[in-house]
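Q: I am new to this structure and would like to learn how to read it step by step. Could we go through it together, taking one feature at a time?

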Amino acid sequence: MMSSSRFNIFQSGLYKLTTAACFASILVATGCSSSAESSVKIPSQQNGNTSAPVISDMSQQTLRQQALRIQRALANNDFARITNDIHPTRGVRFSMYAYVRPETDKVFSREQFAQYLQQSKIRFTWGERDGSGEPLVIPLPEYLETWVDGDTYNNASISVNEFKHSGNMINNLKEIYPNSEFVEFYHKGSEQYSGMDWRIMRLVFDEYQGKRYLVAIVNEQWTV
């Protein structure tokens, strides 16, 4: 008959052996599972060609949504609503036509934009009208309401980072903003005027501290 001490030692050894065997079985099972997950996930994480289009599509979608939100605010004459979209350090430029003129186009900081919305008697020279050469001298709210004319683009065709339409005036947007993104709103015009009353509004955006901000509103229309 086995002594009590030897029996206890035997039981202890048997328990350790059984525990080790169970642990090994669990390790094999979980190890296979981890290996299977890695074989699926790691290639997609490392393959930039796979993930880049998805990120690009999402980026363009958010850009389009921001541009639509700005267009709706302009259409509703709720101009103050776009103040926080204006670039914090560069402000926003307004160009009457497709040819951006950095030396003469009006640029407003956020603070100036908010200020001159309230001071509607202060007039600015925005540029010269095509054809007549007459200067356009009106306050900021009137310029936004009549020249930018956001409600014209309520049913416009929209393109992101692509020039789908243009007139006969030189479009130098990419020269002035080579690293910027833009959204183009195109109103095709009416049958009454044989489409000659077409209009374009391009909203130009730059990134700052991880967010996009509006740096320019460029308009375009039929010119001689």
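Q: How many salt bridges does a search of the whole structure find?

A: The general idea is that side chains of opposite charge can pair when their charged atoms come close. In this structure, which is a predicted model, a search of the whole structure finds six salt bridges.

Q: Which residue forms a salt bridge with Asp-85, and where in the chain do the two partners sit?

A: The partner of Asp-85 is Arg-69, and the closest N and O atoms of the two are 2.9 Å apart. This pair links distant parts of the chain, since Asp-85 belongs to the loop between helix H2 (48–75) and strand S1 (92–95), whereas Arg-69 lies in helix H2, 16 residues apart.

Q: Is Asp-85 buried or exposed, and why?

A: A residue counts as buried when its relative accessible area is under 20%, and as partly exposed when the value lies between that and 50%. Asp-85 is buried because its relative accessible area is 7%, while Arg-69, with a relative accessible area of 39%, is partly exposed.

Q: Which residue forms a salt bridge with Glu-181?

A: Glu-181 forms a salt bridge with Arg-212, and here the closest N and O atoms are 2.8 Å apart. This pair, too, links distant parts of the chain, with Glu-181 in strand S6 (residues 181–187) and Arg-212 in strand S8, 31 residues apart. Glu-181 counts as partly exposed because its relative accessibility is 24%, and Arg-212, at 17% relative accessibility, counts as buried.

Q: Which residues are linked in a network of salt bridges?

A: The network links Glu-184, Arg-202 and Glu-220. Within it, Arg-202 forms a salt bridge with Glu-184, the closest N and O atoms being 2.8 Å apart. Arg-202 is in strand S7 (residues 199–208) and Glu-184 is in strand S6, 18 residues apart, so that this pair also links distant parts of the chain. Both partners are buried, with Arg-202 at 0% relative accessibility and Glu-184 at a relative accessible area of 1%.

Q: How many helices and strands does the protein chain have, and which pattern does the chain follow along the sequence?

A: The protein chain has five helices and eight strands, and, read along the sequence, their pattern is α-α-β-β-α-β-β-α-β-α-β-β-β. Of the 224 residues in the chain, 34% are buried.

Q: Which residues of helix H4 are buried, and what follows the helix?

A: In helix H4, which covers residues 140–148, the buried residues are Leu-140, Pro-141, Tyr-143, Leu-144, Trp-147 and Val-148. After H4 comes Asp-149, whose phi is positive, near 50 degrees.

Q: Which residues line the largest pocket?

A: The lining consists of Met-96, Tyr-97, Tyr-99, Arg-101, Thr-104, Asp-105, Trp-126, Gly-127, Glu-128, Asp-130 and Met-169. By class, five of these lining residues are nonpolar, two are polar and four are charged, and the space in the largest pocket is about 160 Å³.

Q: Which residues form a nonpolar patch on the surface?

A: The patch is formed by Tyr-193, Met-196, Trp-222 and Val-224, which together have about 460 Å² of accessible area. Trp-222, one of these, lies in the segment after strand S8 (211–221), and Trp-222 is partly exposed, with a relative accessible area of 42%.

Terms used. Residues are numbered from 1 along each chain as its sequence is written. This is a predicted model: local features need pLDDT of at least 70, side-chain atom pairs count only at pLDDT 80 or more; totals for chains, interfaces and linings use all residues. Side-chain values use heavy atoms; hydrogens and water are left out. On a 1 Å grid over the protein atoms alone, a cavity is a set of points where a 1.4 Å probe fits but cannot get out, and a pocket is an open set with protein on both sides within 12 Å along at least five of seven lines; lining residues have an atom within 4 Å of a point. Grid points are joined across faces, edges and corners, and a volume is the space filled by probe spheres set on the points. Ala, Val, Leu, Ile, Met, Phe, Trp, Tyr, Cys and Pro count as nonpolar, Asp, Glu, Lys and Arg as charged, and the others, Gly among them, as polar. Patches are made of residues with over 30% relative accessible area and no salt bridge: like charges are joined within 9 Å, nonpolar side chains (Val, Leu, Ile, Met, Phe, Trp, Tyr) within 5 Å. Accessible areas come from the Shrake-Rupley method with a 1.4 Å probe; for residues, only the protein chains shown count as cover. A salt bridge is a side-chain nitrogen of Lys or Arg within 4 Å of a carboxyl oxygen of Asp or Glu. Helices (H or I, at least four residues) and strands (E, at least two) are DSSP runs, numbered from the N terminus. Buried means under 20% relative accessible area, exposed over 50%, partly exposed in between (1.4 Å probe, protein chains only).
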